[in-house]
Amino acid sequence: MIQLKLSKNILKLIGAVVLLLLPLLVTNSYFIHIFISIGLYIILSLSLNLVTGFTGQLALGHAAFYGIGAYTSALLLLRFNVSYWLALVLSAVITGIFGFLLGLPALRLKGDYLGIVTLGFGEIVRLVFVNWYSLTRGPLGLPGIPAPKIGPYIFDSRIPFYYLIFGLAAFTVFFMHRLVNSGVGMAMITVKEDEIAAESIGIYPIKYKLLAFSLGAAFAGIAGSFYASYISFISPDTFLYMDSVTILAMVVLGGLGSIPGSIIGATVLVIVPELLRFMTNYRMLLYGALMVFMMIYRPQGFWGANKRVRNSYKIGIRGVSNEKDIRG
Amino acid sequence: MLKVENLVVHYGVIPALKGISLEVKEKEIVCLIGANGAGKTTTLNTISGLKKPTSGGIYFQDKLLNNLPAHEIVKLGISQVPEGRGVFPNLSVVENLHLGAYLRKDKSAIEQDLKWVYEIFPRLEERKNQLAGTLSGGEQQMLAIGRALMARPKLMLMDEPSMGLAPIVVEEIFRIIKFLNKEQGTTILLIEQNAQMALAVSHRGYVIETGEIVVSGTAQELKANDEIKKAYLGL
């Protein structure tokens, strides 16, 4: 048992070292860009997974939070000249507040109805970006967003951005892992499983839905803030309904309610369209077909939540060790 | 302990309860029997706060419950075993049980209670790492009761514990209900269509028909009542 755990940790360590050394091994900047995109979408899919996968709330407007984070960060940097690190934190906080505000009225709805409200919210946010010309310059977008700096060092190539997104994604994975394996995470899962049963044991579902929505939004805001400074240009076209759907597809394809699932889902859905580039016009057709086949033959996703008990949950594991105690 | 006075509950404009009154005293098993659609589950859901009453009063240890949300009512010591068992199917048995103690902070006492629940339901211990959804119906009912017990309730509300179970399992469940009351002193309000079983374990009972209490009395009185014999006991 201990050996198994040890070798698992060694594997994790090797994985982390490889990821850290990756920019030295891969010099092609196109590949580095792909890795950065994967990191970005890991944050986005994990944040949506908290809402949809763990708490069971269908949300179709996640790109709106991504966009709010990006615009918040960009405007803070361009208009107020704040440090990037402050903008990063503030955009998470402000996007989290938006998540909370949307949650207040919307989370009293269930299932498809909630889906439609969040879809509407996504469209409203996009239209605000397009039409609030004095603030966002509308469809012209915001160019020249400054790169992050540490002291005198400016992020002038993709490599520092790679390390930044690696850090942010690792933080997100760590945070989500701790959260869903805590009592709070457990309460969120009960809300997904059966709200009435949750209430009957004293859990107030609205509280956990709001928490999931706010935290999910805040992490999407972090992703948005990173994106704004990485690409250095944002416009309303980046935060469309289609992006919400792509993020949802990553969550579902990877496996609802599974952290490794979201990581795999994001990785696959970033890489596959790139691999299919040689097919030019048929690319999206094949991509769609792949998703259809996936849902027919493996509806629980690459790494479904049915692995959860075996994966991590402490109570389950404690139950096992109790068994050993009893048997002497 | 629990007092319900002139409770009226509507679904939209349709009245489901037309002013019912009932009382549960400490250490009693009281049953509410009636046919489908008589208002049994509505009564229970209103007591536990899942449904809001139109008028009337619900008092638990002299405290008015009417406007409290469900999770606050649980805090006062009322645990509901929901209809159709209501376990969390994708969580393991031990997780379900731990969640029953969600509002409690006393960790060592929780572990003790877990052992105690396992003593009452050895089946649950055998299957503690299994997902609740993979248990049989009777085992799920045991889990739902065990989960409610983990909250150390003063009053347990049970919604049709016999529903959809094989007769032999029903007997087992009722044996446990009786045991909990007798040995542990748990106060229980039981809702049943299976009047025979319910009256066999209860001290007192109420018969509800289309939102009104039509007869009440001790279990013996009800068992002897001719109309009840005909309508509910099939004698």
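Chain A is divided into domain 1 (60-239) and domain 2 (241-270 + 283-304), with bounds that come from an automatic or database domain assignment. This is a predicted model, in which local features need pLDDT of at least 70 and side-chain atom pairs count only at pLDDT 80 or more, while totals for chains, interfaces and linings use all residues. Residues are numbered from 1 along each chain as its sequence is written, and chains are lettered from A and ligands numbered from 1 in the order in which they are written.

The C-alpha centres of the two domains of chain A lie 20 Å apart. Their contact takes 12 residues from domain 1 of chain A and six residues from domain 2 of chain A; here, two residues are in contact if their C-beta atoms, placed from the backbone, lie within 7 Å. On the domain 1 side, α3 (62-79), α5 (111-131) and α7 (158-180) of chain A each supply at least two residues. Helices (H or I, at least four residues) and strands (E, at least two) are DSSP runs, numbered from the N terminus.

Turning to chain B, its domain 1 covers 2-77 + 153-233 and its domain 2 covers 89-152. Their C-alpha centres lie 24 Å apart, and the contact takes 11 residues from domain 1 of chain B and nine residues from domain 2 of chain B. The largest share of the domain 1 side, four residues, comes from α7(B). Eight residues of that domain 1 side are nonpolar, one is polar and two are charged.

Chain B also holds an open sheet of six strands, in the order β6-β7-β8-β3-β9-β10 and with mixed pairing; two strands pair if DSSP finds at least two bridges between them. β6 (78-81) and β10 (212-218) of chain B stand at the edges with a single partner strand each, so one side of each is left without a neighbour in the sheet. Within the sheet, β3 (residues 29-33) and β8 (residues 187-192) of chain B are parallel and share five bridges, with B:V30 opposite B:L189 in β8(B). Which way do the residues of β6(B) point? B:I78 and B:Q80 point one way and B:S79 and B:V81 the other way, and all are buried, meaning that 20 or more other C-beta atoms lie within 10 Å of the residue's own, all placed from the backbone. In a regular strand the side chains alternate between the two faces of the sheet.

A pair of helices comes next. Helix α3 (residues 93-100) and helix α6 (residues 137-149) of chain B pack at an angle of about 35°, with their axes 6 Å apart. Axes are lines fitted to C-alpha atoms, for helices over the stretch in contact, and angles run from 0 to 180 degrees between N-to-C directions. The residues of this contact divide into six nonpolar, three polar and one charged.

Finally, the two chains meet: 28 residues of chain B are in contact with 20 residues of chain A. The largest share of the chain B side, five residues, comes from α3(B).

Key. Ala, Val, Leu, Ile, Met, Phe, Trp, Tyr, Cys and Pro count as nonpolar, Asp, Glu, Lys and Arg as charged, and the others, Gly among them, as polar. A residue is buried if 20 or more other C-beta atoms lie within 10 Å of its own, exposed if 12 or fewer, and partly exposed in between; C-beta atoms are placed from the backbone.
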